[in-house]
Amino acid sequence: MPRFSVIVPAYRVQAYLPACLDSVLSQSYADLELIAVDDRSPDACGAIIDEYAARDPRVKAVHLAGNQGLGRARNAGTAEATGDYLVFLDGDDTLTPGALRAVADRIGATGDPDVLVFDYARAHWDGRLVRNRLADRLAEEGPAPFRLADRPGLLRVLMVAWNKAYRREFVAEHGFAFPPGYYEDTAWTFPVLLTAGSIATLDRVCVHYRQRRRGSILGTVSHRHFDLFEQYERVFAFVEERPELHRWRPELFVRMIDHYVTVFTRRDRLPRGTHGAFLRRARAHYRRYRVPGVPVPPRHALVRFGLHRTFRALQAAAAVRRRAQKSAAGLARAVRTGVLGLHHRVQSWLPLTDTAVFEAEEGRGDPAALEEAFRAHAPWLRTAWVVRPGQEHTAPPGPRPLTPGTAAYRTALARSRYLVTDADFGGRLRKRPGQVVVQTRQGTPLGHAGLDLLERPAAARGLGATELLRGADQWDYVLSGSRHTTLIWERVLPGRYTTLEYGLPRNDVFQRATAADVARLRADLGLPEGAVAILYAPAHREHRRAQDPPLDVERLARRLGPRFVILARAHVPVRGAGVIDVRAHPDPAALCLASDALLTDHAPVMCDYANLDRPIVLHTAERAVYEAVRGLYADLRACPPGAVAADEEELAAVFTGGDWCGARSARLRAAFRERFGPWDDGRAAERVVRRVVLGETEPAPVVPPGARAPAPPAHAFVPAHQGPVTVPRPAGLLPVTGSR
């Protein structure tokens with residue numbers, strides 16, 4: 001008998017059904033049966049189900065004689081189920097990777113509750129993922145399992161069948177079944193939650209709820225929305241037959257009226273001319289089910305008093321007010337833009353000030369390291385940091401904050417002597433004589449950039465040559481950490497700037513940090529004592545709308561065991577046992593210092609991390625696709641920074657077998673460091689300031705890679721080399737050069 005019976009009804013979802021079924025069958029938890037119900041769909045759903053059933057014995061195909069509707073199709077699937085728990089999934093939605101494993105673990109940890117409620121995210125057609133706004137109701141703190149009376153807020157979570165797992169014996173014992181109709185979930189979910197003797201929650205997104213551009217059932221204008229009244233009549237009839245549930249009538253009443261107001265006020269629900277009839281039925285239910293003495297929320301006045309015409313008048317007035325406000329806001333923006341432009345022009349006529357402005361597109365990076373060096377080696381300069389709304393937590397301490405779009409920001413751009421950025425100041429920069437612009441870029445280029453992107457339309461996303469080179473014409477200096485970087489930047493971003501091949505300031509901290517700093521950073525991240533921390537940082541894939549990581553991080557953490565903890569710096573939230581989501585951490589350098597090893601694919605962070613002389617492992621499952629879409633400047637198969645794994649099996653073996661920190665890995669890392677970080681000795685920022693601000697043309701000598709002492713890792717796990725190690729030297733001279 002399987003642990004889960006996943007029931008998928010299918011009707012007119014042929015374009016989405018394969019992804020739905022694949023999301024179930026590819027789960028890391030394989031103890032399941034998949035019951036796919038063809039609700040007499042007129043498209044190819046039935047054929048798709050049969051194809052899956054023919055090649056996977058876990059798939060059970062059910063074909064209904066006629067179209068029964070979503071509720072009865074689920075009932076047909078339930079009748080065929082043999083699993084311990086029922087999981088319902090609509091044919092156009094998907095389970096997230098590792099979802100059933102997380103559900104199974106939580107069920108086991110909470111003593112097999114009657115119902116487990118988990119979270120979901122809306123997957124919009126344009127690639128956006130938006131998590132349920134009431135996710136806080138699913139917090140796992142406190143006793144578990146519990147009864148609904150202990151956590152009544154669960155009734156506020158979306159009342160659908162597919163964000164829960166149900167113990168099959170509990171469903172059979174109480175005879176729960178889906179009724180016919182448009183809103184069948186309403187008359188199922190409320191009785192189930194009210195009756196359950198034990199409930200648990202799982203604070204994890206397990207379902208991606210597809211938001212189709214067209215074709216959503218509940219987002220369709222139809223008379224069938226009147227079915228809502230019959231479903232709530234069923235709910236209250238269920239409660240009336242059970243005196244022990246009467247205490248829930250006030251809460252159910254509020255939920256019912258809220259639901260009616262939502263349907264009434266949405267423009268994509270009720271047909272023209274039916275609003276009056278809908279409101280009359282809603283008002284009848286208001287009078288019928290209201291509990292005397294219970295306070296009524298003000299938002300219920302629409303239903304309570306039947307204010308149909310008043311509501312329409314107010315709605316029309318609100319529309320007029322919105323249009324007026326929009327026009328006024330547009331006029332205000334135009335006036336503000338004109339005033340700021342005039343202010344900028346006036347400021348451009350005034351003398352330059354001894355100020356340096358710094359900007360980083362994401363996090364802190366090289367600009368933050370340079371800001372610190374400016375204050376240390378040129379203390380007479382005032383410094384300011386551009387802080388975009390929502391990124392206040394990324395600003396380093398010390399410099400004065402500047403908000404884009406303000407007069408102070410425009411003044412700083414017009415009058416500051418030094419401008420340091422890894423972007424382009426939002427396109428607002430118009431360099432004037434005497435100003436010095438330092439472009440740091442964003443690390444070592446491994447994937448194609450600049451003009452080379454024009455041949456890669458999927459990665460360039462419409463970027464043109466004029467836009468690419470507009471900023472390059474204003475740069476005075478461009479930073480480089482290696483001859484590899486210098487040759488690429490000067491070719492793909494041509495300009496009259498001077499390349500400062502001095503190393504990357506962002507990596508200075510790796511040579512200055514101490515063991516105490518590493519311990520503090522690990523404590524701040526909540527890393528357990530003695531754990532081996534793996535920083536997982538995959539490359540961004542511009543050609544993909546959704547940035548789901550190419551690796552099932554939670555499954556890998558389980559395979560590696562409790563000794564390992566994965567710090568997941570993916571581009572979407574990643575959670576699970578043995579995983580810490582550090583996506584929003586403002587300082588990548590701090591994450592590198594806190595970790596014991598790096599796991600990546602094509603991300604340039606590997607060039608920075610090599611300067612720590614800690615293990616690096618490459619996961620190359622999507623190398624061919626990434627190289628075809630983006631292009632690579634370095635063949636990482638020929639010069640890897642450490643062990644390489646082509647799939648998850650090999651990756652788990654690399655870590656469990658010790659290859660990740662072996663002598664061969666150390667030799668590869670040393671060669672990689674010599675090629676991509678020959679000048680990252682901890683003084684890169686100082687060299688830049690001495691050249692740019694102090695005018696010194698002879699930079700300080702460089703400490704060779706073999707003589708450096710980077711911050712020690714938390715674990716001395718790298719074995720000693722057997723005999724001396726010989727590594728190839730990079731092409732070109734080792735001394736720092738400031739010329740192109």
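Hello everyone, and thanks for coming. First, some ground rules: this is a predicted model, in which local features need pLDDT of at least 70, side-chain atom pairs count only at pLDDT 80 or more, and totals for chains, interfaces and linings use all residues. Residues are numbered from 1 along each chain as its sequence is written, and side-chain values use heavy atoms, with hydrogens and water left out.

When I say helix or strand, I mean a DSSP run, numbered from the N terminus: H or I with at least four residues for helices, E with at least two for strands.

Let's begin with a sheet. What is the order of the seven strands in the open sheet? It reads S12-S11-S10-S13-S14-S15-S16, with parallel pairing. Two strands pair here if DSSP finds at least two bridges between them. At the edges stand S12 (400-402) and S16 (498-501); each has a single partner strand, so one side of each has no neighbour in the sheet. From one strand to the next, the twist averages 25°. Angles run from 0 to 180 degrees between N-to-C directions, and axes are lines fitted to C-alpha atoms, for helices over the stretch in contact.

Within this sheet, S10 (residues 353-359) and S13 (residues 416-421) run parallel and are joined by five bridges. If you want a place to look, find Val357, whose bridge partner in S13 is Leu419. Helix H13 (residues 407-415) packs on the sheet and touches S10, S11 (382-386), S12 and S13, with its direction at about 105° to that of S13. Contact, by the way, means heavy atoms within 4.5 Å. Helix H25 (residues 684-692) lies across S13, S14 (436-439), S15 (477-480) and S16, and runs at about 145° to S16.

Now to another sheet. This open sheet has six strands in the order S19-S18-S17-S20-S21-S22, paired in parallel. Its edges are S19 (579-581) and S22 (643-645), and each has a single partner strand, so one side is left without a neighbour in the sheet. Neighbouring strands are turned by 25° against each other on average, direction ignored.

S17 (residues 532-536) pairs with S18 (residues 564-568) in the parallel sense over five bridges, and Leu535 has Leu567 in S18 as its bridge partner. Helix H19 (residues 553-560) lies across S17, S18, S19 and S20 (597-600), at about 165° to S18. Helix H23 (residues 648-657) lies across S17, S18, S20, S21 (616-619) and S22, at about 150° to S22.

H8 (residues 249-265) and H9 (residues 275-289) meet at an angle of about 175°, their axes 11 Å apart. The two are therefore roughly antiparallel, a label for angles over 145 degrees. Among the residues in this contact are Phe253, Met256 and Tyr260 from H8, and Phe278, Leu279 and Tyr286 from H9. The contact residues divide into 11 nonpolar, two polar and two charged. Here Ala, Val, Leu, Ile, Met, Phe, Trp, Tyr, Cys and Pro count as nonpolar, Asp, Glu, Lys and Arg as charged, and the others, Gly among them, as polar.

On to the rings. How many aromatic pairs does a search of the whole structure find? There are 31. Rings of Phe, Tyr and Trp (its six-membered ring) pair if their centres lie within 6.5 Å; planes under 30 degrees apart count as stacked, over 60 as edge-to-face and the rest as tilted.

Phe176 and Phe238 are a tilted pair, 6.3 Å centre to centre with 40° between the planes. Phe176 is in the loop between H5 (168-174) and H6 (184-195), while Phe238 is in H7 (residues 227-240), 62 residues apart. Both Phe176 and Phe238 are buried, meaning under 20% relative accessible area, where over 50% is exposed and in between is partly exposed (1.4 Å probe, protein chains only).

Phe226 and Phe278 have ring centres 5.4 Å apart and planes at 80°, so this pair is edge-to-face. Phe226 sits in the loop between S9 (199-211) and H7, and Phe278 is in H9. Both Phe226 and Phe278 are buried.

Finally, an arginine. Arg12 has a positive phi of about 55° although it is not a glycine. Arg12 lies in the loop between S1 (4-10) and H1 (17-25), and its relative accessibility of 52% means that Arg12 counts as exposed.

Methods:
Parallel < 35°, antiparallel > 145°, perpendicular 65-115°, else oblique.
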